[in-house]
Amino acid sequence: MDATKQRSKLGLALAGGGPVGGIYEAGAMAALAEALEGVDFTDFDVYVGVSSGAFMSAAVANGLGPAQLARMLVEDDNDEVFDPEMLLRPAVGEYLRRVLQVPVLFWSSLRQYLSDPWHLRLVEAFQGLSHAIPTGIFDSAGIDRLLKKLFSTGGRSNDFRQLKHQLFIVATDLDTGESLAFGSEGHDDIPISLAVQASAALPGLFPPVRIGERYFVDGALIKTLHASVALQAGADLLICINPLVPFDSRLAARRPRHENRSPAPDHLVDGGLPVVLSQTFRAIIHSRMRTGMDRYRHEFEGRDVILFEPTRDDTDMFFTNVFSYRGRSRLCEHAYQRTRSELYRRRHELRPIFERHGIELNLGVLKDHSRSLLSHKRRPDLATSASALDSSLSDLEVWLQAQQI
């Protein structure tokens, strides 16, 4: 890059996706960090995170590089960065608060019914008891505790104002339905760990998080990526990772068996309610994200936004069990290899974009199929052999097109 030319402002936007999404993002970032020369993921100018993406973006903005995050997930069994089981602890405090409301609600409903029993239905009178239903099943306070500990050592900080670069964590104000970017001016005085907890508070699973006099829930309720936050902060090149896409079972059925290790049912309805809800949620947020990406091209003309996400036939991404340690390490490795393959497949599209910002796409790294996040795995298996074949066929296709010109 010309030394006299002003350096491009780089941004990173990470979407949500629960434990699966966070693990996928770690693997994808590790692949990108290896292949993009001139890029230090811990030295971006702007970071934006939503839900589990808030967890990962806060870690990277605090100096935890993608390789280090992936290594912790893949090789270390001490759960230093993320223990999915911490999200399964019952919200006992929320249960207790709601139980204590039952007597008051019951007598209030009974008095209301007895005041006009001939015109007021029993169910209608006692509808007020619904106020005693807990607002969340699980306690997300473990996120705050874990990140407080993680950001208190190694020169890291739990204070937005002390970071070298801009970090925005997006959550949704429950009472207004508006999104708020913690880390922005006037909203940077709360701990990063608490902002992440609020951004990841998926309604129904986790109670809303109180910050000051306001209550916040998952930032993905309004937008999937909130990439516009980074673009408004001046990012010239924005790298986005979205781990959740709708699953296409018919497309997956046509993929060679060795490429998808997780079994998939013939019909998603066979997977029960969790699978049906997952597919519904993915379809809604993905459609909304695509609309947003199209809008960014017009609103921020001259900026470059590059999106990385799984393919729609990726059964490993859709059906993996992140509460299994083996499943977590395999998913992180899977994301790493899939992102490497995508970078090589899209190299003709991506190279000129990266070059505009002084970044080189290292094809030598991408062609090295012995690379892996797993220390014991240094020989290509069937999946990487298939990747190598795909790359060779792509090269052949480009050469044949050149001969026809």
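This is a predicted model: local features need pLDDT of at least 70, side-chain atom pairs count only at pLDDT 80 or more; totals for chains, interfaces and linings use all residues.
1. Basis. Local features need pLDDT of at least 70 and side-chain atom pairs count only at pLDDT 80 or more, while totals for chains, interfaces and linings use all residues. Numbering starts from 1 along each chain as its sequence is written, and side-chain values use heavy atoms, with hydrogens and water left out.

2. Overall. The protein chain has 15 helices and ten strands, taken as DSSP runs (H or I of at least four residues for helices, E of at least two for strands) numbered from the N terminus. Of its 405 residues, 51% count as buried, that is, under 20% relative accessible area with a 1.4 Å probe, protein chains only.

3. Cores. A nonpolar core is a set of buried Ala, Val, Leu, Ile, Met, Phe, Trp, Tyr and Cys residues joined through side-chain atoms within 4.5 Å. The largest has 78 residues, and Met29, Leu167, Phe182 and Val196 have the most contacts inside it. Helix α1 (residues 18-35) gives the most to this core, with ten residues. A second, separate core of 23 residues includes Leu225 and Met289.

4. Met29. Beyond its neighbours within four places in sequence, Met29 is in contact (heavy atoms within 4.5 Å) with residues including Leu12, Phe41 and Ile241.

5. Helix pair. Residues of α1, among them Ile23 and Met29, meet residues of α3 that include Pro66 and Leu73. This contact comprises nine nonpolar, no polar and no charged residues; Ala, Val, Leu, Ile, Met, Phe, Trp, Tyr, Cys and Pro count as nonpolar, Asp, Glu, Lys and Arg as charged, and the others, Gly among them, as polar.

Notes:
Buried means under 20% relative accessible area, exposed over 50%, partly exposed in between (1.4 Å probe, protein chains only).
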